[in-house]
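Subject: Structure handover

Hello,

Here is the structure for your files. My notes on the backbone, the surface and the pockets follow below it.

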Amino acid sequence: MYRLLFRLVLSRFDPETAHHLAFVVIRMLGWPVLRTLARALTRPDGSLAVRTLGLEFPSPFGLAAGFDKEALGIPGLGALGFGHVEVGTITARPQPGNPKPRLFRL
């Protein structure tokens with residue numbers, strides 16, 4: 001499914017625009033009905049569960065800080081089967097990002 005989506009849609013945009021479009025979809029996955037559907041389709045296999053430092057994670061695969069700097073997509077990211085989602089630090093005043101171009105395709 002990802003290859004088809006990439007070939008038909010995302011590859012037609014520059015990387016930063018494609019990232020923003022994908023993030024819109026991720027935010028939509030946070031809506032209750034779509035979140036239920038996404039969780040059903042991306043639920044990690046129970047054999048992937050990890051217990052460490054007194055915490056249990058449904059999967060060893062997580063999303064590191066930096067992807068969602070403003071913590072706007074937490075429900076949608078949580079529905080995608082990650083074992084954990086790290087939001088990072090939210091600052092009192094917005095900070096400028098790195099100069100463009102920031103994203104590249106290999």
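Ala71 sits in the loop that runs between strand S3 (62-63) and helix H4 (74-78). Please keep in mind that this is a predicted model. The phi of Ala71 is positive, near 55°, although the residue is not a glycine. With a relative accessible area of 23%, Ala71 is partly exposed, because that class covers the range between 20% and 50%.

Leu53 also has a positive phi, about 50°, and is not a glycine. Leu53 belongs to the loop between strand S1 (50-52) and strand S2 (55-57). Its relative accessibility is 83%, so Leu53 counts as exposed.

Pro101 lies in the segment after strand S4 (84-85).

On the surface there is a nonpolar patch made of Leu4, Leu5, Leu8, Val9, Phe13 and Leu21, which together have about 500 Å² of accessible area. Helix H1 (residues 2-8) contributes the most to this patch, with 3 residues. Leu21 is located in helix H2 (residues 15-28) and, at 35% relative accessibility, counts as partly exposed.

Last, the pockets. The volume of the largest pocket is about 860 Å³. Its lining consists of 23 residues, and those nearest the centre are Gly66, Asp68, Lys69, Glu70 and Gly97. Sorted by class, the lining has 8 nonpolar, 8 polar and 7 charged residues.

Regards

Technical notes. Residues are numbered from 1 along each chain as its sequence is written. This is a predicted model: local features need pLDDT of at least 70, side-chain atom pairs count only at pLDDT 80 or more; totals for chains, interfaces and linings use all residues. Side-chain values use heavy atoms; hydrogens and water are left out. On a 1 Å grid over the protein atoms alone, a cavity is a set of points where a 1.4 Å probe fits but cannot get out, and a pocket is an open set with protein on both sides within 12 Å along at least five of seven lines; lining residues have an atom within 4 Å of a point. Grid points are joined across faces, edges and corners, and a volume is the space filled by probe spheres set on the points. Ala, Val, Leu, Ile, Met, Phe, Trp, Tyr, Cys and Pro count as nonpolar, Asp, Glu, Lys and Arg as charged, and the others, Gly among them, as polar. Patches are made of residues with over 30% relative accessible area and no salt bridge: like charges are joined within 9 Å, nonpolar side chains (Val, Leu, Ile, Met, Phe, Trp, Tyr) within 5 Å. Accessible areas come from the Shrake-Rupley method with a 1.4 Å probe; for residues, only the protein chains shown count as cover. A salt bridge is a side-chain nitrogen of Lys or Arg within 4 Å of a carboxyl oxygen of Asp or Glu. Helices (H or I, at least four residues) and strands (E, at least two) are DSSP runs, numbered from the N terminus. Buried means under 20% relative accessible area, exposed over 50%, partly exposed in between (1.4 Å probe, protein chains only).
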